[in-house]
Every structure is written in C-alpha cells, then in structure tokens.
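Please look at the sequence and the structure below before reading on. The paragraphs that follow walk through the inside of the chain, ring by ring and helix by helix.

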Amino acid sequence: MFRKTTLKNGLRIIAVPMKNTKAVTVLVMVGAGSKYETKELNGISHFLEHMFFKGTKKRPTTLKIAETLDRIGGVYNAFTSKEFTGYWAKVDWKHLDLALDWVSDIFLNSKFEKKEIKREKGVIIEEINMYQDTPISYIGDLWEKLLYDNQPAGWLTIGEKKNVLKFKREHLLDYLENHYSALNTIVCIAGNFNQKEVKNKVEKYFKDLKKRPVKEKLKVVERQERPQTLIHYKKTDQTHLCLGVRGYNLFQPEKYSQEILASILGANMSSRLFISVRERKGLCYYIRTSSDCSTDTGYLVTQAGVPHKNVGEVIKLILKEYKNIKTKKVSDEELKKAKDYLKGTSTLGLESSDAQASFYSLQELLSHKILTPKEKFAKLDKVTSDDVQKAAQNIFRPEKLNLALVGPHKDKSKFQPLLKI
C-alpha cells in the first residue's frame, strides 16, 4: 500500500499509490513546530511557514508563486502545528513534475526579503485577531495553555503579537538552519503516479536539501495535583468551554481506548453527551469530545458552546457522563458502534490523496513507524470493554480535571467547586 525509501542525505520518501483517482498530492513534512521554540521566538515556526510563499529566484513574487498552480487548477497551502510544519500541492496527476518543482522551489529557494517580512507582520497580526475573535477556535488554544502553562506545549502556535513584531530576517534564517534538515523531513507522494519514477523525481527536485543536525524540542513536563480553571473574559453571546483530562500520548497503547472513550462520549449525534446535553436538555447547538495524542502529551476534552446562565449545569452533565463511563462498563453493542464509527470515519477521511499523504507522513515523522489503516483497525478491534473502563478510571480523576472558558465571566471560584468526579 505504500513504499518508504531513504536517500543518502537522510531524506525519507513515502510513496502511496491510489488506483481510483486522477489527482496526486506532494506533501513535504518537517519535524519542527512551536514545541521547538523559545519564549522569545514563540510564533517563528508559523511566521517562517508564511514566508515560504513570498518569492524565490525562479518565482520572485507572491503572484508568480500563486499563479503557477492556479493556472492548472491546483490547490496548495501550508500549515504549522506544535510538532510539525507541512507544505503541499495537489494537482491533476499529469502535472506531478510541476507540483514537485513548485513545492521544492518554495521549500529550498525562498528569499525571505526584509520588505516581505515587514509586510507579513501585518498579515499575521490580523490572523491572530481573527482567532481571538473566534471563540470556537480560540478556546482550544486556551485549553492547551491551561494544561501546559509556560512551556512550549502551552504557547500559541501562531505566537504573540509582541513577538511577531520583533522578528527579523536573521531570526528566520537561524531557525531554518537549526530546524530544517533532510534528517527531519519527509516528502510524501500520494495519488496517481508512476511508482517506478517517483524516487528519481523526488531525488531530482530535493537533491539540494542539506543534511545537518537539528535541535531537539524540550520534553513536556506534566504537573497537576488538583483541578484547574482558566477564564478568558470576553463579551460573547454564549460561553465556549473545554472540559477534560490529561490522557495518553502517541506511544501508549491505551490511546486506542481513549479514542473509543471520546467516540462514545461525544463524537457524533448519537453519542452520550450529544443526547444528554443537546437533545434532552436543549442546552447547546454543538458539543463534541475528542482525543488528542502527540509524542509526549495526550488528553481527552469535551468542547461546547452553551448559554451563560447554564454553564454550571452543562459542566455537571459532562462530569456525570465521565463518571458513568468509568463506573459502569460499556455494553458490547456500544463498544462495537464506537469501533465501527472510528473505522468508518477514518475510511471516508482517507478518500483523498492529500488525506493519504498526511496519514502516512505524520506517522513516520512522529513515531518512525507506519501502520496501514487495516493495521490500525486491528488495534482498535482488540480493545475490550474492560480496557475502556480501565482507561476511564485512570484518566477521569479529580486531580486531572481541567476547565477553560471564553465568555463574560470573571470569577472562576464559582466554577472550581464543580470540578468533582
């Protein structure tokens, strides 16, 4: 289903052929993100990502970069997270060489001109403003800030305005030198392509990627002895909240039980929390529970937008479901439904070439081990109701509870006593 090749310079190539598509995706994934930053440079991973679209020698302006793929109807973008940064292009399979040329050009030959750096500061400031004006998104950042506090895992990936305004060209070049290397880079080709040619093509376009040592990120320190609450005061029409617990990381087998827990609690319209909070009480429009696992952290969290006056009631309802699932085993029927839901949504989510590229490259980048969908499904199928209950009993404990809120609230003392389970 996929083939992995490692070049002499350490660059890893992952080829994922797909029979029933006319599209192909080129994804370059780098093991660098906001967890690799210092406090003074928080936000630089994201800033650097923006600057890859501002001009190369071959394509000297943003317009020239953009119209290259616009002319053929391709789609393209980039993204930055806590632990990785990605650059991608998706095109008609006949234009694979152009996509490789384009991605490799911005990745290897960007100019980082001072005038463009100055101009982009304004763009990113407005991006920060946009997120802060969007509570449904911003609450997720506050949730991680509450969990990890003043360490890279707790800082905003997008950075703080004061940092963005201070960034200079030498900061970007220094970060690039220390964190972008063939050793922590993966080029993934997914979709319709000639498998015999793909290795030579990638090697041709990325031959100038240098092999150099990369700086490691600091290990996250987990500290919590009692329930915690964080409030961000904002005049909103509803309160957005995140209520959850610290959980399992990417390398712990219990992560599969945690995924199933999240599915049962709040992954869909027949989940426990959707029924109890929305359908029976009418206290929200959206409520969802998700599981997040990274290399050294993990959590399960429920997010919802609720009426200000009913925040306390919703907190109690969420905690009631947390308690129920740890005190009473899930039935075989509910367990099967959760597994089938996770497998089904995963299968549907992997229909596109860009999703396939992310699926395979992220596993290789973060864990250096790739499981096919079939192998992942087998891991899920092995989880028993006993496993689910054991995981619930381990993570749903009062000292692991965390609550983040965005809304017109100032006094967290009225919420803190509710955090009991």
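Which residues does Tyr180 touch, not counting residues up to four places away in sequence? They are Val30, Ala32, Leu48, Phe52, Thr85, Tyr87, Phe107, Tyr175 and Arg212, where contact means heavy atoms within 4.5 Å. This is a predicted model, in which local features need pLDDT of at least 70 and side-chain atom pairs count only at pLDDT 80 or more, while totals for chains, interfaces and linings use all residues. Residues are numbered from 1 along each chain as its sequence is written, and side-chain values use heavy atoms, with hydrogens and water left out.

Buried means under 20% relative accessible area, exposed means over 50%, and partly exposed lies in between (1.4 Å probe, protein chains only).

Next come the aromatic rings. Rings of Phe, Tyr and Trp (its six-membered ring) pair if their centres lie within 6.5 Å; planes under 30 degrees apart count as stacked, over 60 as edge-to-face and the rest as tilted. By this rule there are 15 aromatic pairs. Phe47 is in helix 1 (residues 44–51), whereas Phe167 is in the loop between helix 6 (161–166) and helix 7 (169–179), so the pair links parts of the chain 120 residues apart. Helices here are DSSP runs (H or I, at least four residues), numbered from the N terminus. Both Phe47 and Phe167 are buried.

Phe52 and Phe107 make a stacked pair, because their ring centres are 5.9 Å apart and their planes are at 15°. Phe52 lies in the loop between helix 1 and helix 2 (62–70) and Phe107 in helix 3 (residues 96–109), so this pair ties together parts 55 residues apart in sequence. Ring pairs join Phe52, Tyr87, Phe107, Phe112, Tyr180 and Phe206 into a cluster.

Phe112 sits in the loop between helix 3 and helix 4 (114–132). Is Phe112 buried or exposed? Phe112 is buried, with a relative accessible area of 5%. Asp149 likewise has a positive phi, near 55°, and is a residue other than glycine. Asp149 is in the loop between helix 5 (135–148) and helix 6, but Asp149 counts as exposed, at 54% relative accessibility.

Finally, consider helix 14 (residues 373–381). Its buried residues are Pro373, Phe377 and Leu380. Seen down the helix axis, these fall within an arc of 55°, so they line one face of helix 14; the arc is that of the directions from the helix axis to the C-beta atoms. An α-helix has 3.6 residues a turn, so residues three or four places apart point the same way. What covers the buried residues of helix 14 includes helix 9 (255–266), helix 12 (332–349) and helix 13 (353–367).

Note on methods
Helices (H or I, at least four residues) and strands (E, at least two) are DSSP runs, numbered from the N terminus.
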